Amino acid sequence: MDELTQTQPPSQEVRQWAMFCHFSAFLGLVFPFGNLLGPLIVWQIKKDLDPFVDAQGKEALNFQITVALAVVLCFLLMLVVIGFPLLGLVSIGALVLTIIAGIKANEGQAYRYPFCWRLVK
């Protein structure tokens, strides 16, 4: 059975924690590496609550790792100017996809980010 597939819909509490896994990435707007630490901390604390929270926490963390690597690449590409528009594109894409993921998780739907390198299994 796939960990993203469930027989019954998750409870309200489970859906909220799954949403917090995604939205905790916005801590990156407050302090450096907050986009990685937020999902990691919420996932580690609440992963045993329900398989849905565990799956969405891993998905959120994997996406934020992918975004962090893309941002580092953008900074390197700033030496040849193309990094500036790419950084804007990565930032807007991460913002939009994170909001979509949080909304879907709150609706009880498992969300998988596109363009995501899944390191945490």
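**Salt bridges, folds and a nonpolar patch**

Counting salt bridges in this predicted model gives 3 of them, where a salt bridge is a side-chain nitrogen of Lys or Arg within 4 Å of a carboxyl oxygen of Asp or Glu. Side chains of opposite charge can pair when their charged atoms come close. Residues are numbered from 1 along each chain as its sequence is written, and side-chain values use heavy atoms, with hydrogens and water left out. Since the model is predicted, local features need pLDDT of at least 70 and side-chain atom pairs count only at pLDDT 80 or more, while totals for chains, interfaces and linings use all residues.

One of these bridges joins Lys58 to Asp54, with the closest N and O atoms 3.5 Å apart. Both residues sit in helix 3 (residues 51-77), 4 residues apart, or about one turn of the helix. Helices here are DSSP runs of H or I with at least four residues, strands are runs of E with at least two, and both are numbered from the N terminus. Lys58 and Asp54 are both buried; that word stands for under 20% relative accessible area, exposed for over 50%, and partly exposed for anything in between, with a 1.4 Å probe and protein chains only.

Glu59 is where the other pairs come together. The side chains of Arg112 and Glu59 meet in a salt bridge at 3.8 Å, N to O. This pair links distant parts of the chain, with Arg112 in the segment after helix 4 (83-106) and Glu59 in helix 3, 53 residues apart. Arg118 also bridges to Glu59, and here the closest N and O atoms are 2.7 Å apart. Arg118 lies in the segment after helix 4 and Glu59 in helix 3, so this pair ties together parts that are 59 residues apart in sequence. Put together, Glu59, Arg112 and Arg118 make up a network of salt bridges. As for cover, Glu59 is buried, with a relative accessible area of 4%. Arg112 is partly exposed at 46%, and Arg118 counts as partly exposed at 22%.

Now for the overall fold. The protein has 4 helices and 0 strands, and from the N terminus on its elements run α-α-α-α. The radius of gyration is 15 Å, close to the 14 Å that the globule rule gives for 121 residues, so the protein is as compact as a globular protein of that length. That radius is taken over C-alpha atoms, and the globule rule is 2.2 Å times the number of residues to the power 0.38. Along the principal axes, the C-alpha atoms fill a box of roughly 50 × 25 × 25 Å. Of the 121 residues, 36% are buried. Among contacts with a separation of 6 or more, 66% are between residues 24 or more positions apart, a contact being heavy atoms within 4.5 Å. The protein exposes about 7100 Å², and carbon and sulfur atoms supply 71% of that; accessible areas come from the Shrake-Rupley method with a 1.4 Å probe, and for residues only the protein chains shown count as cover.

An unreviewed UniProt entry places the feature "transmembrane region" at residues 17-41, 61-80 and 86-103. UniProt positions follow the numbering used here, feature names are shortened, and annotations may be inferred rather than shown by experiment. In the model, residues 17-41 are 60% helix and 0% strand, with the end C-alpha atoms 12 Å apart. Residues 61-80 are 85% helix and 0% strand, and the end C-alpha atoms of that span lie 30 Å apart.

On the surface, Leu27, Leu29, Val30, Phe31, Phe33, Leu37, Leu40, Ile41 and Ile45 form a nonpolar patch with about 910 Å² of accessible area together. Patches are made of residues with over 30% relative accessible area and no salt bridge; like charges are joined within 9 Å, and nonpolar side chains (Val, Leu, Ile, Met, Phe, Trp, Tyr) within 5 Å. Ile45 belongs to helix 2 (residues 34-46) and counts as exposed at 61% relative accessibility.

Phe33, another patch member, lies in the loop between helix 1 (12-23) and helix 2 and is exposed at 61% relative accessibility. Its backbone stands out too. Most residues other than glycine have a negative phi, but Phe33 has a positive phi of about 65°. Phe115 also has a positive value, with phi near 60°. Phe115 is found in the segment after helix 4 and is exposed, with a relative accessible area of 75%.
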